[in-house]
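Biologist: Could you show me the model, please? I would like to go through its side-chain contacts and backbone geometry with you.

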Amino acid sequence: MKKNREKKESRVRRSGRLLSAAGTVLIVLVILFCSLLILPKMFGCHMYHVLSGSMEPELPVGSLICVRADGPEEVAEDDIIAFYGSLEDSGIITHRVIKNNVVSGTFRTKGDANEKEDPLPVPYDNYIGNVIFSIPYMGRVLTWMTSFYGKLTAAGVILLGAVFNLAASLLDRK
């Protein structure tokens, strides 16, 4: 009789530890994903989601890219930059620099997957910054997370993590 009770108590303790660990992991995962949206801004970077295949395979569609605004004069050949296609439409393009013409204040650019370089030079005024790093396919995840349903899901996951931790503490009391 005593052995059965000890076995049951051992299972309850194990279940409590498992629930506590699962709850903590869920909360930490949400925090990590959210930090990808916030931390880069603290270091002067902006995050963008790659929407087209013009830079594949270097930057697959759906990648998350971190762009930092350095001086356009410092941009080197073969750097990947982000820039506005035109200042009026605010569409962002990410291409490789073929030539940085400091005298005229323009870049010649080309998408890696494109056969020809871009037809028009990119003025320095359209320059956003250099691509510092990319995380393949993470752009889709973070874009979804900033949507209404993504925020709702993140709140639900945090709530579930809190419920798991609460259940674990209740099991520990028994």
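Modeller: What follows is a discussion of aromatic pairs, salt bridges, surface charge and backbone geometry in this predicted model.

Biologist: Let us begin with the rings. How many aromatic pairs does a search of the whole structure find?

Modeller: The search finds three aromatic pairs. In one of them, F107 and Y124 are tilted, with 5.0 Å from centre to centre and 40 degrees between the planes.

Biologist: Where do F107 and Y124 lie in the chain?

Modeller: F107 belongs to strand 5 (residues 106-110), while Y124 sits in the loop between strand 6 (122-123) and strand 7 (127-135). They are 17 residues apart, and the pair links distant parts of the chain.

Biologist: Is F107 buried or exposed?

Modeller: F107 counts as buried because its relative accessibility is 0%, and the limit for buried is under 20%. Y124 also counts as buried, with a relative accessibility of 15%.

Biologist: What about the rings of F107 and Y127?

Modeller: Their centres are 5.4 Å apart and their planes stand at 40 degrees, so this pair is tilted. Because F107 lies in strand 5 and Y127 in strand 7, the pair ties together parts that are 20 residues apart in sequence. Both F107 and Y127 are buried.

Biologist: Why is 40 degrees called tilted?

Modeller: Planes under 30 degrees apart would count as stacked and those over 60 as edge-to-face, so the F107 and Y127 pair at 40 degrees is tilted.

Biologist: Which residues make up the aromatic cluster?

Modeller: F107, Y124 and Y127 form one aromatic cluster.

Biologist: Changing topic: how many salt bridges does the structure hold?

Modeller: There are four salt bridges. One of them joins the side chains of R96 and E58, at 4.0 Å from N to O. R96 is in strand 4 (residues 92-101), and E58 is in the loop between strand 1 (45-49) and strand 2 (64-68). That pair links distant parts of the chain, 38 residues apart.

Biologist: And which is the salt bridge between R96 and an aspartate?

Modeller: The side chains of R96 and D112 meet in a salt bridge of 2.8 Å, N to O. R96 lies in strand 4 and D112 in the loop between strand 5 and strand 6, so this pair ties together parts that are 16 residues apart in sequence. Through shared partners, salt bridges join E58, R96 and D112 into one network.

Biologist: How accessible are the members, starting with R96?

Modeller: R96 has a relative accessible area of 17%, so it is buried. E58 counts as partly exposed at 45% relative accessibility, and D112 is partly exposed at 30%.

Biologist: What is the N to O distance between D70 and R68?

Modeller: The side chains of D70 and R68 meet in a salt bridge at 3.1 Å. D70 is partly exposed, with a relative accessible area of 26%, and R68 is partly exposed at 34%.

Biologist: Which residues gather in the patch of positive charge on the surface?

Modeller: The patch consists of R11, R13, R14 and R17. R17 is found in helix 1 (residues 2-42). R17 counts as exposed because its relative accessibility is 51%, and exposed means over 50%.

Biologist: On to the backbone. Is the peptide bond from E56 to P57 cis or trans?

Modeller: The bond is cis, with omega near 5 degrees. Most peptide bonds are trans. P57 is placed in the loop between strand 1 and strand 2, and P57 is exposed, with a relative accessible area of 74%.

Biologist: How far apart are the C-alpha atoms of P57 and I98?

Modeller: They are separated by 18 Å, and the two residues are 41 residues apart along the chain.

Biologist: Finally, what is the phi of D78?

Modeller: D78 has a positive phi of about 80 degrees although it is not a glycine. Most residues other than glycine have a negative phi. D78 is in the loop between strand 2 and strand 3 (80-84).

Biologist: And what is phi for Y137?

Modeller: Phi of Y137 is near 65 degrees, a positive value in a residue other than glycine. Y137 is in the loop between strand 7 and helix 2 (138-145). With a relative accessible area of 49%, Y137 is partly exposed.

Key: Residues numbered from 1 in each chain as written. Predicted model: local features only at pLDDT ≥ 70, side-chain atom pairs only at ≥ 80, totals over all residues. Heavy atoms only, no water. Patch = residues over 30% accessible without salt bridge, like charges linked within 9 Å, V, L, I, M, F, W, Y side chains within 5 Å. Areas by Shrake-Rupley, 256 points an atom, 1.4 Å probe, with all protein chains shown as cover. Lys, Arg positive; Asp, Glu negative; His and termini not counted. Charge placed at Lys NZ, Arg CZ, Asp CG, Glu CD. Helix = DSSP H or I, 4+ residues; strand = E, 2+ residues; numbered from the N terminus. Buried < 20%, exposed > 50% of the residue type's maximum accessible area, 1.4 Å probe, protein only. Phe/Tyr/Trp six-rings, centres within 6.5 Å; stacked < 30°, edge-to-face > 60°.
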